[in-house]
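Biologist: I would like to learn how to read a model like this one, feature by feature. Could you take me through it?

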Amino acid sequence: MAGDDFLRWLRREGRIVIVGASLAGLRAAETLRAEGFAGSLTLIGDEPYEPYDRPPLSKAVLLGKASPHHTELPRRREIDATWRLGVAATGLDTAAKRVRLADGDEVAYDRLLIATGVRARPWPRESEARLDGVFVLRTRDDAVRFRRRLDSSPGRVFVIGAGFTGSEIASACRERGIAVTVAERADAPLVGALGGVIGAVAGELQREHGVDLRTGVMVTALEGDAAGRVRAAHLSDGTSVETDVVVVSLGATRNTEWLAGSGLGAGPRGIACDAGCRAFDFRGIVTDDIFVAGDVARSPHPLFGYQFLSLEHWGNAVTQAETAAHNMISASSERRPHIWVPAFWSAQFGVNIKSVGVPGMGEQIMITQGSRAERRFVAAYGYQGRVIAAVSFDNARWLEFYQRLIETAAPFPPDFATVDRRAEGRAPMPADFPDPSLPTHGPTVTLSGYSPADRRLVFTPSRH
Amino acid sequence: MTHASLLQRITDYAHRADPYPLYEELRKTPVLHEEEGGPYLVSSYWDIAGLLHDPRVSSDAANLAAAGADVLGGPDETGLPPSFIRLDPPEHDRLRRIANRPFGPPHSPRLLDSLRDDLAEIVSGLIDGFGDAREVDLVDQFAYPFPVTVICRLLGVPREDEPRFRAWVDPIVANLDPDTEAGEAERRRAAQEARTHLGMYLAGLAEQRQREPRDDMLSALVTSQGPDGPMSVMEVLSTAVLLLIAGHETTVNLITNGMLTLLRHPEVLRRLREDPDLVVRIVEELLRYEPPVQFVPQRTCIADIEVRGVTIPKGSRIWLVLAAGNRDPERFKDPDRFDPDREDIQHLGFGSGIHSCFGAPLARMETQIALTALARRLDNPRLLEDPPPYRRNAVLRGPRHLRVGFDGLRPERA
């Protein structure tokens, strides 16, 4: 079949399979239908639930303001799909174009979208991770279990890791009047994502809200009692903290294991794809019929030196899914690149934190508006003399402006006056990111080099 | 000068009924600077949206005066400090946060919803008041009294005092009109005098509320105990002046422009009668198509800003012509068509950025309730005069009267 004929056939009666039934999978399915795909559509998801929204799980749900059972994503349109929920994909045969499922079934596709996302990185010592009272928070089931425990008024919650999720959990607990200890191996919360200057503000915010924040420490062991319930956490500084709940918040692991042996360029850092969302195979050759979107994807970005970006961002999942879906059923001349500017938000301790760009690339930072002491400010990050990112605390309405600075590679430090410039904003200072070769749990944007199918990463020794 | 500048023609009352051809001409020069010392007019959607979020653009009245704003105010001699609409952060943010505590989320998330039934009742009372008439002036008999009643109730201003404060509000609003005709000095003086009187009037009410707080915003402002602390008495007064005026002046126009537009598009009016939910889209499209605030003439650049290759020098005044941006074909397909079915109506009608309309949720709700009720209850409504006579103001643009004929009133519950 000539290309045009194939596309016509595909759009009319082809089979599209989407592995991953969360935000990216759903939005891709809706886009396919919106753009006229009339063939068969199958969504495969390892959780038994229809697509739901995750951001509330570490915020409103923990506060009791929303039910974990009712965070379903709003549907934009009918998608007329076959749902295979509660059954994980376990393998991919790219030659036969079939996805293998955990129940032994196989699903054939003409075009495949991989949107399997990430999962919470568990506590590495399995026996300790199994103790009653030790939680992770990523899925709806996690949220149900954790919230039930919070509702039973624990004496203390111990949070391992002060990235965004860990900090939001600590915030929710404090709002409910529960004692919280947070242990973070870096010198401040959010350091991996936003650097030390902003991390210091986040740390003050936590302490002001009564969090027992321990920085520069690692958790060396979790101790259980005779009944198998967690009772204490031991820290690398020799101290220990009695607690009846531990939340492990050490970031995420990409769900790519099921692709082992498939020949795709998939590894612990995600699945490499081109800007059009087509997956690379491990030789670095782009595939024709396999697309990637959402947290599991890593794709090159022209604004950031064409480095491959992995983004654990809600908005990225949506736009990348839309782009992937469009490209799946479009001729090459009609395809679009995914060049979304990373944007991220978090709500914690009464503050709305929002960032655009890739703060982690920043060498320097300048407080361009407002004041850190007031917890209301905008800061711009600079990289090699240009603006690469910005973050706001309770000042999100200015960020569109900074996004344009990033998009136009505007010079850093900004050489113009702004409203609300304070003394602290007269000159840039080092952004104070930790050595990137040291592992952190926190960044939600990861730059992962240039090689599309960087197999070396597979051999990165585990840090535990 | 042999012919009038575009700016003069836009502010010229002769073009009030239909300024849109002028805006189209304006968009041909997206950054227009016609006269040394005059403002830079920005008229295309993306440029306006960008400048509304640009921290190099100041709303501070002091900067505006320094920029030689001969048209709009200059130093205020009333003794009242500028309200937050004429301030930059951090003062703007602090005052707006305090004002928002009794008005919207997160502290008062249910206020507006709790007003819904009251608003519907006011509307149905006004329509019942048409009685046996077969012709009304929709402005005087409906679009004006409705939001005035609402803002009085919300703020805690006695409704029966309307004739008193009306006499002060009018000159203040007139002074917001950047009419390039002469008489500015006189107009400014009248506005300042009116603002002083209005402030003194509100000071009396504020004092009462301090002694005996009630369930209204004025009481909340004088007793505010949030993390930002209380407003000073003078800040309360200038905030109350702002809320009282902005709380109804623009809504009158939105409702009137709304009914005028619906009567010019009877098919949409018919659909609204049958499908009240359509009103949400209708009001959004109205805010795009006939925005009640046509342009924002109060901003100053505090740094050089390049827009489409034109450098607007530091210290210049800029006018953001929202109504022109709302019909920018670069942004909206078929922009001169009134089409509530548009997929994407991300209009500039309420501005954007930190100064985006404070009362937007209230204005939306008022207009939705008003238009739905008018569509449902007026039998065979029609325009008796098209175009209607307009108010003088080029910024807060809307009909002065809107004569509507109809065959009778349908009962409240059909």
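Modeller: Gladly, and let us begin with contacts: two residues are in contact if their C-beta atoms, placed from the backbone, lie within 7 Å. By that rule, and not counting residues up to four places away in sequence, B:Arg134 touches B:Gly405, B:Phe406 and B:Asp407. Before going on, note that this is a predicted model, where local features need pLDDT of at least 70, side-chain atom pairs count only at pLDDT 80 or more, and totals for chains, interfaces and linings use all residues. Residues are numbered from 1 along each chain as its sequence is written, while chains are lettered from A and ligands numbered from 1 in the order in which they are written.

Biologist: Where does B:Arg134 lie, and is B:Arg134 buried or exposed?

Modeller: For elements, helices (H or I, at least four residues) and strands (E, at least two) are DSSP runs, numbered from the N terminus. B:Arg134 sits in the loop between helix H6 (111–128) and strand S4 (135–137) of chain B. For burial, a residue is buried if 20 or more other C-beta atoms lie within 10 Å of its own, exposed if 12 or fewer, and partly exposed in between, with C-beta atoms placed from the backbone. B:Arg134 counts as exposed because it has 12 C-beta neighbours inside 10 Å. Its C-alpha atom is separated by 9.7 Å from that of B:Leu378, 244 residues apart along the chain.

Biologist: How should I read the domains of chain A?

Modeller: Domain bounds come from an automatic or database domain assignment. Here the assignment gives domain 1 (3–119 + 253–334), domain 2 (121–251) and domain 3 (343–443) of chain A. The C-alpha centres of domain 2 and domain 3 of chain A lie 27 Å apart, and their contact takes 22 residues from domain 2 and 24 residues from domain 3. On the domain 2 side, helix H5 (164–175) and helix H6 (191–208) of chain A are the elements that give two or more residues. H6(A) provides the largest share, eleven residues.

Biologist: What is the make-up of that side of domain 2?

Modeller: The classes are simple: Ala, Val, Leu, Ile, Met, Phe, Trp, Tyr, Cys and Pro count as nonpolar, Asp, Glu, Lys and Arg as charged, and the others, Gly among them, as polar. The side of domain 2 of chain A that touches domain 3 of chain A divides into eleven nonpolar, ten polar and one charged.

Biologist: And how many residues of chain A are in contact with chain B?

Modeller: There, 13 residues of chain A are in contact with 14 residues of chain B. Strand S26 (364–371) and helix H8 (399–407) of chain A each supply at least two residues of the chain A side, and H8(A) gives the most, with three residues. That side divides into five nonpolar, three polar and five charged.

Biologist: What should I look for in a core?

Modeller: In soluble globular proteins, nonpolar side chains tend to be buried together. A nonpolar core is a set of buried Ala, Val, Leu, Ile, Met, Phe, Trp, Tyr and Cys residues joined through C-beta atoms within 7 Å. Of the 126 residues in the largest core, those that touch the most other members are A:Ala28, A:Val246, A:Val247, A:Val292, A:Ala293 and A:Tyr402. H6(A) gives the largest share of this core, eight residues. A second, separate core of 74 residues includes B:Phe142, B:Ala143, B:Leu260 and B:Ala373.

Biologist: How do I check a helix, say H9 of chain B?

Modeller: The expected span of a helix is 1.5 Å times one less than its number of residues. Helix H9 (residues 162–174) of chain B has 13 residues and so should span 18 Å, which agrees with its end C-alpha atoms being 18 Å apart. Its buried residues are B:Phe165, B:Trp168, B:Val169, B:Pro171 and B:Ile172, and what covers them includes helix H10 (184–211) and helix H12 (233–264) of chain B.

Biologist: Which backbone details deserve a look?

Modeller: Most residues other than glycine have a negative phi, and most peptide bonds are trans. In this model, a cis peptide bond joins A:Phe412 and A:Pro413, with omega about 0°. Another cis bond, also with omega about 0°, joins B:Pro89 and B:Pro90. As for phi, A:Cys277 has a positive value near 75°. A:Cys277 is buried, with 28 other C-beta atoms within 10 Å, and is found in the loop between strand S19 (270–272) and strand S20 (278–280) of chain A.
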